[in-house]
Amino acid sequence: MATYNAPLVDFKFLLNEWLNIDAHYQQINAEGMDSELALEVLAQGAKFAENEIAPLNQHGDEQGCQLTNGGVTTPDGFAAAYQTYIANGWNAMLGSADFDGQDLPYSMAVPVHEMLNSANLSWRLTTMLTESAVLAITKHGSEELKQRYLANIISGEWTGTMNLTEPHAGTDLSLLSTKAEPQADGSYAITGNKIFITAGDHDWSENIIHLVLARLPDAPKGVKGISLFLVPKINVNDDGSLGTPNAVSVGSIEKKMGLKGSPTCVMNYDGARGFLIGEEHAGLACMFTMMNDARFQVGLQGLGIGEASYQGALEYAIDRLQSRAPQGVQAPDKKADPIVFQPDVRRMLLIQRSLTEGCRALSILYAKYMDIEKYANGENQSNAEAVIAYLTPICKAFFTDMATEVSNHGIQIYGGHGYIREWGMEQYVRDTRIAQLYEGTNGIQAADLIGRKLTRSNGEMMKITHAAFNEIVNDMANSEYQSHALGLLTQWQTVSESLLDKSPEHCAAIACDYLNYCAYTLIGILWLSMLDKLPNAENQDYAAGKIKTGEFYIASILPRAQQYLHTIEHGAESVNATDLNDFVFA
Ligand SMILES: Cc1cc2nc3c(=O)[nH]c(=O)nc-3n(C[C@H](O)[C@H](O)[C@H](O)COP(=O)(O)OP(=O)(O)OC[C@H]3O[C@@H](n4cnc5c(N)ncnc54)[C@H](O)[C@@H]3O)c2cc1C
C-alpha cells in the first residue's frame with residue numbers, strides 16, 4: 001500500500017499565497033490567529049494522520065468490526081489511536097472555549113479533516129459525526145443539556161451519533177415512526193428502530209451520545225411533526241458521573257462494501273431515556289445544523305480519498321516499468337520505461353490531480369466563509385451564510401462524485417494490480433462509494449441546490465455567491481485569466497437565472513446537470529485564480545507542476561461544464577417524456 005504524505009506544500013500555498021490568511025484573520029478580527037499558527041496546526045495534524053491512523057487503514061479494512069455480547073469492537077489499534085487523538089486535543093479543535101474547546105477557525109480545521117480522511121476514512125467517520133453533534137447541541141440544546149454533556153463530547157471523552165434513518169424512512173424523513181413519550185420528570189421515553197447508524201456502538205469511549213429523531217404522541221404528520229432528542233448510551237447523573245445503562249442496544253452491524261473499520265449499527269431504543277433538543281416538532285431544523293455540517297464534511301471525505309488515490313497512483317506510475325514511451329526511450333539502462341512516461345497514464349494522473357486540487361481550493365474558500373460566519377456579524381455574516389448554503393450541496397455531491405472517478409483512475413493506473421487488495425487502490429473505491437449516498441444522496445444534494453438554494457430564494461443566494469466569486473475575479477492580475485474567469489462567471493449567472501421560472505418537474509430532471517455545471521465552472525474560476533498567483537509563488541518547483549495541472553483543467557476538464565450546460569438546456573424534455581409504462585411493458 002502506498003504511503004500517505006500530507007500535501008502540506010499545497011496547503012501552504014493555498015492558505016498563505018492564494019487566500020492570504022493573515023489578511024483574512026485581520027479582516028474578521030480572529031484574535032490570536034495567524035498563518036504561523038495555522039501552518040503549525042497543519043504540520044502536527046499531518047503527523048497524526050501519517051503516523052497514527054494511515055498505518056491502520058488497510059488492516060482496519062481486513063479485520064473489520066465485530067459485535068459480541070460486550071458490544072462492538074473496532075479493528076486493533078483504532079481505539080488507541082483515538083485516545084492519542086483526544087489527548088492531543090484534536091477533537092476539541094472547533095469546540096467552543098466556553099466548554100474547553102479550542103475555538104480554532106475552520107481554515108485551520110478543514111485541511112486537518114481532509115488529511116484524516118485521506119489517511120483512514122473508516123477511523124475518521126466517528127470523530128466527524130461527534131463534531132457535528134457538538135454543533136447541534138451548541139446551537140439548539142438547553143443550558144442544562146450543554147452543561148451536562150458538551151464538555152465531554154468536545155474533548156472526545158464521549159462520542160456522538162446521528163440517528164435519522166429507519167427501515168422505511170431514508171431520504172423521506174416524514175415517514176419516520178420512532179416514538180417519544182413525555183415522562184413526568186420532563187424526559188422522554190424513546191422507542192423505535194434506527195438503521196445504518198454510524199458508530200452506534202464501539203470500544204472507543206465510555207459513553208455515546210445519540211441524537212435521535214422521533215415523534216411525540218400528538219405530533220402533526222410529516223416533517224413538521226419530528227422532534228430531536230439527546231439519548232445517552234449510559235445515563236448521566238446530576239453530578240456528571242455515569243449512571244445506569246440506558247435502554248439502547250445494538251441489534252446488529254452491517255456487512256458492507258467498504259468502510260469496514262467503521263461500525264454501521266442497527267439501533268434499538270426500548271423506552272430509552274431521552275431529552276428534547278430545541279422545540280417540540282422542530283427537530284428537523286435542529287438536525288439540519290448537524291446535517292449541513294456533515295454534508296460538507298462528507299465532501300471532504302471525497303477530497304481526502306481523491307488525494308490518497310492520486311498519491312498511490314503517482315508512486316506506482318514512477319516505479320512500474322512497462323513498454324517504451326512513444327516520445328522515445330526514457331530509461332535506457334532499464335528493460336522498459338516507467339509508465340509515468342506514457343501520455344495516457346499522465347492524462348489520468350492529471351485528471352486525478354486537477355480535480356482533487358480544484359476541489360481543495362473550493363474547500364479552502366468554503367472554510368474562509370465558515371470563518372466569516374463564525375467571527376463576523378451583520379451583513380457579512382448573513383452573506384457568508386448564503387454562500388455556505390449555496391456551496392454545501394456542490395461540495396458534498398461534486399467532491400464525492402469526483403472521488404469515485406479519481407479513485408477508479410487510481411485502479412486503472414495500477415492495471416490488474418489495482419484490482420488486487422494488497423495495493424490498497426480498490427479499497428479507496430469501496431470506501432468512498434458510500435459518500436455519494438449518505439448525508440442525502442447526491443441526487444438529493446442536486447435537488448437541494450436547484451430547489452431550496454436557487455429557485456426558492458429567487459436567485460438571492462446565487463447572487464451573493466456570485467459576488468463572492470466576483471471578488472476573486474477582480475483580484476486577478478493577468479488580464480487573460482481575468483476575462484476568461486469573468487466570462488465563466490457571467491455565463492453561470494445567466495444560466496442560473498434562466499432556471500428561476502422553470503417548473504419543479506423541469507428542475508428535478510436537470511438538477512444533477514446543474515450541480516455539475518456549477519461545480520466545473522466555479523472550480524474553473526478558482527483554477528484561473530490559482531494560475532494567476534502561481535508564477536509568483538514562493539516555491540517555484542511546486543508551482544511549475546501546479547501550473548501545468550491548472551492548464552490541463554482548463555483545457556480538458558472545464559469543457560465538461562459546457563456538456564452539462566447542453567443537458568440543462570435540452571435534457572429535461574426527454575426525461576419528463578417518459579413514464580413508468582416506458583420502462584415496464586408486457
Ligand atoms: C455506511 C452507511 C452509514 C450511514 N450512516 C448513517 C448515520 O450515521 N445516520 C443515519 O441516520 N443514516 C445513516 N446512513 C443512511 C443514509 O444516510 C441513507 O442510506 C441515505 O440517506 C439514503 O436513504 P435510503 O438508503 O433509504 O435511500 P432511499 O431514500 O430509498 O433512496 C433511493 C433512491 O431514490 C432516490 N430518491 C429518493 N427520494 C428522492 C427525491 N425526493 N428526489 C429525487 N430522488 C429521490 C435517491 O436519491 C436514491 O437514489 C448510513 C448509510 C450507510 C450505508
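Against which helices do the buried residues of helix 3 pack?

## Basis of the model

This is a predicted model, in which local features require pLDDT of at least 70 and side-chain atom pairs count only at pLDDT 80 or more, whereas totals for chains, interfaces and linings use all residues. Residue numbers start from 1 along each chain as its sequence is written.

## Helix 3 and helix 6

The buried residues of helix 3 pack against helix 1 (8-18), helix 2 (21-27), helix 5 (78-87), helix 6 and helix 7 (121-140), with contact taken as C-beta atoms, placed from the backbone, lying within 7 Å. Helices (H or I, at least four residues) and strands (E, at least two) are DSSP runs numbered from the N terminus. A residue is called buried if 20 or more other C-beta atoms, placed from the backbone, lie within 10 Å of its own, exposed if 12 or fewer do, and partly exposed in between. In helix 3 the buried residues are Ala38, Val41, Leu42, Gly45, Ala46, Phe48, Ala49, Glu52 and Ile53. An α-helix has 3.6 residues a turn, so residues three or four places apart point the same way.

## Shell around the ligand

The shell around the ligand holds 21 residues, of which Leu164, Gly170, Thr171, Phe196 and Thr198 come nearest; a residue is near a molecule or strand if its C-beta atom, placed from the backbone, lies within 6 Å of it. Strand 3 (158-163), strand 5 (188-198) and helix 13 (442-455) each contribute at least two residues to this shell. By class, the shell residues are 10 nonpolar, nine polar and two charged, where Ala, Val, Leu, Ile, Met, Phe, Trp, Tyr, Cys and Pro count as nonpolar, Asp, Glu, Lys and Arg as charged, and the others, Gly among them, as polar.

## Strand 5 and its partners

Strand 5 is mostly covered, with eight of its 11 residues buried. Two strands pair if DSSP finds at least two bridges between them. Strand 5 pairs with strand 4 (residues 179-182) in the antiparallel sense over four bridges, and lysine 179 stands opposite threonine 191 in strand 5. These two strands form a hairpin with five residues between them, and glycine 186 in the turn has a positive phi of about 95 degrees.

Strand 5 also runs antiparallel to strand 11 (residues 264-277), to which nine bridges join it, and threonine 198 stands opposite threonine 264 in strand 11.

## Individual residues

Most residues other than glycine have a negative phi, and most peptide bonds are trans. Histidine 281, in the loop between strand 11 and helix 9, has a positive phi of about 65 degrees although it is not a glycine, and with 18 C-beta neighbours inside 10 Å it counts as partly exposed. Glutamate 439, in the loop between helix 12 (425-433) and helix 13, has a positive phi of about 60 degrees, but is buried, with 27 other C-beta atoms within 10 Å.

Cysteine 286 lies in helix 9 (residues 283-319) and is buried, with 23 other C-beta atoms within 10 Å.

Definitions and conventions
Two residues are in contact if their C-beta atoms, placed from the backbone, lie within 7 Å.
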